Amino acid sequence: SEMNKLLVFIGVALSFTGYDIYKRFFAENTEYVSEETLAHIEKAIEAETNNRIDDAISHYIDALKQLDSEELEHISPCYTSCSVRIAELFEHEKKFDKALLIYKELSNSYLNAFTHREDFDALSDDSSYDFAILRSLTIAIRYAYLLPAKDVDLARETLMFHIVEAQKRVIEAYPPFLSVLNDINNRNVLDLITADLEKTIAHLPESEQEKIIKQQAKTPIELPLFTTEQTPENKILGLHVKAWPVFTRVLINAKDLYANLSIEANDLSAAISNLTSNSIIIQRCFDHPSRLTLTLTKLGVALQMTYQTISRDFPKGKEIEIIQDSEPVKVNLSSPELKDFVLNTTVSESKRIFLKVLVLCDTMKKQEKIIKANHLGQDIGQWEAMFKPALDKSEMVSAASLGMISYQSGFATDALKYFKRAKVLAFRLNDKDYIDDINEWIKLIEN
């Protein structure tokens with residue numbers, strides 16, 4: 001279908017550069033390590049340097065045995081680092097089953113420790129707890145990423161356990177985030193679209209409900225999805241920027257992977273809720289704008305997919321739970337007009353988000369010279385390698401998506417403008433599939 005090329009975009013991860021997990025863990029490791037353990041680690045590193053991978057693994061295992069004899073907790077930085085390094089070496093040797101077993105065991109160790117925090121010295125204060133969450137999220141991401149496609153549910157479940165733990169800590173350090181999560185997390189996209197409407201009409205007779213829905217269907221609403229406007233919630237969140245924990249960026253990556261896996265599992269609502277909350281975190285913790293454009297573009301694509309799904313298979317009798325007098329009440333809406341209302345809102349939201357992305361990309365282009373100047377001639381190549389492709393890909397997908405929406409809405413001139421913009425980016429990225437696809441659309445419009 002015309003969406004196939006666009007949906008490939010969902011697989012784009014937010015982590016632009018790979019990093020050595022082992023070094024990342026040791027960067028914050030200030031714990032005492034015995035001379036005996038260090039000796040094993042030094043031998044392992046020497047073996048690695050000489051490409052003797054089996055010997056290196058053996059020495060790291062000796063280090064773990066020494067740490068066990070010293071009764072060091074498995075969630076400590078040193079024990080985790082050695083374990084992860086063994087897993088990475090197994091990955092290097094294409095022994096993925098062995099790597100997965102290590103990541104699984106580590107993941108379970110951290111989840112168990114979080115449940116019994118008072119029993120673990122490595123979680124004794126908030127700072128060490130935050131670094132433990134950073135390690136746990138990094139491990140969960142790697143584990144979920146390596147699991148085969150048939151285990152997508154296991155991958156999602158594991159990730160979510162670690163994400164929930166991290167979000168609890170964010171809420172502790174950053175209380176306003178609770179209201180944001182409550183608004184958008186784990187809610188079906190149909191609920192988001194129709195919740196306010198249903199609260200208004202729930203007490204009315206069914207005939208009156210249908211009249212109101214029919215009227216409302218003419219005017220799509222804006223979802224409580226993230227925008228760059230300064231909403232009251234965003235203003236409150238912005239006041240506490242220093243409170244973001246050390247693991248925040250890894251949490252963003254974990255939620256991003258969870259969204260990708262949710263789309264593979266055809267759970268679009270879970271993808272949308274996590275992309276939405278991610279966009280809020282990215283904006284509020286002042287992460288790089290290219291990550292925001294990627295997240296918003298994915299969100300727009302997920303909404304387009306939702307539009308297609310609803311078009312094909314709209315629930316006949318939609319049952320939604322709303323709160324009345326502090327009690328949950330189930331409300332049934334079976335009006336055929338509800339479908340138009342939901343479809344119009346979904347497509348208008350995806351359009352609004354894609355337009356936001358183009359505005360962000362235009363802003364970044366204007367600032368690009370300043371950003372390069374601030375690097376004083378250094379690392380410009382690294383900056384372009386990390387962020388420029390992400391911005392270009394976001395702009396390409398958003399422009400192409402707007403071209404499709406405009407064409408399907410009968411605005412051929414606008415569609416042509418957007419497709420030509422996307423084509424320029426596709427050539428820059430040397431994306432031959434996109435170039436061919438866009439050329440087909442342009443040919444269709446011009447003929």
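Q: How far apart are N and O where Asp-151 and Lys-150 meet in a salt bridge?
A: The distance is 3.4 Å, N to O, between the side chains of Asp-151 and Lys-150. A salt bridge here is a side-chain nitrogen of Lys or Arg within 4 Å of a carboxyl oxygen of Asp or Glu.

Q: What sort of model is this?
A: This is a predicted model, where local features need pLDDT of at least 70, side-chain atom pairs count only at pLDDT 80 or more, and totals for chains, interfaces and linings use all residues. Residues are numbered from 1 along each chain as its sequence is written, and side-chain values use heavy atoms, with hydrogens and water left out.

Q: Back to that pair. Is Lys-150 buried or exposed?
A: Lys-150 counts as exposed, at 70% relative accessibility. Asp-151 counts as partly exposed, at 22%. The cut-offs: buried is under 20% relative accessible area, exposed is over 50%, partly exposed is in between (1.4 Å probe, protein chains only).

Q: How many salt bridges does the rule give?
A: The count comes to 13 salt bridges.

Q: Which residue does Asp-267 meet in a salt bridge?
A: Arg-156, at 2.7 Å, N to O. The pair links distant parts of the chain, 111 residues apart. Asp-267 sits in the loop between α13 and α14 (268-284), while Arg-156 is in helix α8 (residues 152-173). Helices are DSSP runs of H or I, at least four residues, numbered from the N terminus.

Q: And the exposure of Arg-156, buried or exposed?
A: Arg-156 counts as buried, at 12% relative accessibility.

Q: What about Arg-352, which residue does it form a salt bridge with?
A: Glu-349, with the closest N and O atoms 2.7 Å apart. Both residues lie in helix α16 (residues 337-374). They are three residues apart, about one turn of the helix.

Q: Are Arg-352 and Glu-349 buried or exposed?
A: Arg-352 is buried, with a relative accessible area of 14%. Glu-349 counts as buried too, at 1%.

Q: Which residues are linked in a network of salt bridges?
A: Glu-48, Arg-85 and Glu-88.

Q: Switching topic. Which residues form the negative surface patch?
A: Glu-35, Glu-36, Glu-42 and Glu-70. Patch residues have over 30% relative accessible area and no salt bridge, with like charges joined within 9 Å. Asp and Glu count as negative. The place of a Glu charge is taken as CD.

Q: Where is Glu-36?
A: In helix α3 (residues 35-49). Glu-36 counts as partly exposed, at 45% relative accessibility.

Q: Where is the place of Glu-70?
A: Glu-70 is in the loop between α4 (53-69) and α5 (77-92). It is partly exposed, with a relative accessible area of 33%. Glu-70 and Val-33 are 37 residues apart along the chain, and their C-alpha atoms are separated by 10.0 Å.

Q: And how far apart in space are Leu-38 and Cys-78?
A: They are 10.0 Å apart, C-alpha to C-alpha, and 40 residues apart in sequence. Leu-38 lies in helix α3. At 32% relative accessibility, Leu-38 counts as partly exposed.

Q: Now helix α13. How many of its residues are buried?
A: 15 of the 17 residues of α13 are buried, so the helix is largely enclosed by the rest of the structure.

Q: How far does α18 reach from its first C-alpha to its last?
A: Helix α18 (residues 412-429) reaches 25 Å. That is close to the 26 Å expected for its 18 residues.

Q: Which α18 residues are buried?
A: Among them are Ala-415, Leu-416, Tyr-418 and Phe-419. Ala-422, Leu-425 and Ala-426 are buried as well.

Note on methods. Helices (H or I, at least four residues) and strands (E, at least two) are DSSP runs, numbered from the N terminus. Patches are made of residues with over 30% relative accessible area and no salt bridge: like charges are joined within 9 Å, nonpolar side chains (Val, Leu, Ile, Met, Phe, Trp, Tyr) within 5 Å. Accessible areas come from the Shrake-Rupley method with a 1.4 Å probe; for residues, only the protein chains shown count as cover. The expected span of a helix is 1.5 Å times one less than its number of residues.
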